[in-house]
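Subject: Structure for you to look at

Hello,

Here is the structure I promised to pass on. Please open it before you read on; my notes follow below.

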Amino acid sequence: MLNEYDVIVCGGGPSGFNAAISAARNGMKTLLIEATGLVGGNSVNALVGPWMTYHKNDKFVVKGIASELIKRLQNEQLSLGYIKDPLGFCDTVTPIDVEGIKHLFFEMLEESGVDLLLHSLVTDVILEGKFVRGVKATTKSGVVDINGKIIIDATGDGDVSFLAKAEYVHGRAKDNLTQPMTMIFHVANVDIDILKNEIKKNPDNFVVGDDYDYKYLAISGFFKEVENAKENGEFDLPRDRVLLFEEVNPNTVSVNMTRVQGLSGADAFDLTKAEIEARKQIKKAFVFLKKYIPGFEKSYIVRTPSKIGVRETRHIIGDYLVDVDDIIKCTHYEDSIALSGFPMDIHSPSGDSLELFDENKELAYEIPMRSLLVKNRENLIVSGRCISATHEASASLRVTPSVMAIGEAAGVLAAIAVKKNLGLRAVNHQDVQAQLAKQGQIYQR
């Protein structure tokens with residue numbers, strides 16, 4: 001492996017994966033650096049699923065590499081495909097088999113010619129004034145200097161931008177608190193039919209979409225049971241409901257009920273505390289489910305994640321800051337490079353509620369290329385949930401299909417800059433859009 005690359009992508013989550021594939025398919029010598037032993041980020045390490053949403057108002061808003069993944073999973077019977085959201089919260093949910101997606105990520109990287117460096121943490125950057133010339137990766141064999149013409153920060157936490165001394169905001173601006181971290185867990189031998197019957201018997205105890213057909217199970221509810229358990233001193237998690245989704249494998253559900261607040265996912269000491277606390281919360285949540293929720297009597301925990309899921313840490317300041325009004329009003333940008341159809345749902349940094357914002361029910365919102373360009377830095381692109389957006393806006397664009405679309409655009413932007421020997425800000429957004437269209441991606445309404 002040479003230490004000279006056209007494009008270096010730091011972070012192998014969904015956004016980084018798409019960025020690396022996109023750059024490599026555009027002829028770039030590309031390296032993907034990942035701190036763990038797996039590619040897929042929160043999707044595999046934190047069991048984040050189902051993926052939502054590929055659609056808005058029954059229309060695709062995310063395609064390209066992100067939809068290619070789903071087609072290949074479906075061909076191997078490792079995804080249930082696009083299902084209308086039973087909760088009526090977003091357009092579609094897409095369950096994926098977490099074990100199946102692991103090998104597919106590796107297959108697609110290899111097919112695209114991406115070099116991969118696992119178990120390696122980016123601990124510094126090679127900085128010359130405003131120019132990021134490469135990164136320093138701490139590996140099992142020591143610290144390695146790797147030079148790149150363009151660096152893509154897809155670390156989720158904006159680690160590379162932070163090391164490059166870029167401006168950022170941690171969490172929400174008023175107090176720097178972030179959305180809570182969550183440890184999802186999978187429970188098997190659940191009686192799905194009993195749970196569906198509970199919704200039918202007492203629909204007021206659940207959030208249910210108007211046209212739910214009961215074919216696929218998703219639950220946001222059992223509010224009364226949670227309240228009863230709290231009154232009995234048997235539930236002290238900062239949650240007001242049971243939230244779960246049916247998995248690809250039969251009689252298995254993904255449970256999203258833990259909530260670790262007041263700690264930073266960008267701080268190793270806080271993360272350690274969060275990992276420990278989340279395991280305690282899983283135990284409490286499962287005891288509650290077994291005692292209070294019909295259908296869980298004979299169930300057992302079949303899988304827990306290798307790490308806690310982090311929703312939010314740093315927001316890197318770029319040439320444009322996407323804010324709440326941009327999403328609510330669906331601001332149009334000439335330099336839009338991705339669409340998202342997910343609502344703004346803010347898991348309270350300090351309470352047990354879920355804050356929702358009014359949204360445009362008809363239109364997806366656009367994400368401008370300028371929000372990927374790091375303020376006062378050259379040769380550096382930020383991709384994924386840490387792009388230049390506020391706490392509220394990031395609550396929407398942080399989801400998997402959206403960050404995959406952003407990643408695909410980041411890869412194209414990097415490739416065009418290298419091919420034409422241009423600074424990132426000199427790249428014509430129309431050239432990026434034209435290439436995204438060739439790749440099957442939807443970039444603008």
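Helix 11 and helix 12 cross with a right-handed sense. Please keep in mind that this comes from a predicted model.

Some background on how such pairs are described. Two packed helices are characterised by the angle between their axes and by the distance between those axes. Here, helix 11 covers residues 400-419 and helix 12 covers residues 429-438. Their axes come within 9 Å. The crossing angle is roughly 125°.

Which residues in helix 11 and helix 12 meet? Helix 11 brings E408, A409, V412, L413 and I416. Helix 12 answers with D431, V432, Q435 and L436. Sorted by type, the residues of this contact are six nonpolar, one polar and two charged.

Now the whole protein. The fold has twelve helices and 22 strands. The C-alpha atoms fill a box of roughly 65 × 45 × 45 Å along the principal axes. How does the radius of gyration sit with a compact globule? For 445 residues, such a globule would have a value near 22 Å. The protein has 21 Å, which agrees.

Two last figures. Of the 445 residues, 59% count as buried. Take the contacts between residues at least 6 apart in sequence: 72% of them join residues at least 24 apart.

Best wishes

Methods. Residues are numbered from 1 along each chain as its sequence is written. This is a predicted model: local features need pLDDT of at least 70, side-chain atom pairs count only at pLDDT 80 or more; totals for chains, interfaces and linings use all residues. Side-chain values use heavy atoms; hydrogens and water are left out. Axes are lines fitted to C-alpha atoms, for helices over the stretch in contact, and angles run from 0 to 180 degrees between N-to-C directions. Helices (H or I, at least four residues) and strands (E, at least two) are DSSP runs, numbered from the N terminus. A crossing is left-handed if the near helix is turned anticlockwise from the far one by less than a right angle, and right-handed if clockwise. Contact means heavy atoms within 4.5 Å. Ala, Val, Leu, Ile, Met, Phe, Trp, Tyr, Cys and Pro count as nonpolar, Asp, Glu, Lys and Arg as charged, and the others, Gly among them, as polar. The radius of gyration is taken over C-alpha atoms; the globule rule is 2.2 Å times the number of residues to the power 0.38. Buried means under 20% relative accessible area, exposed over 50%, partly exposed in between (1.4 Å probe, protein chains only).
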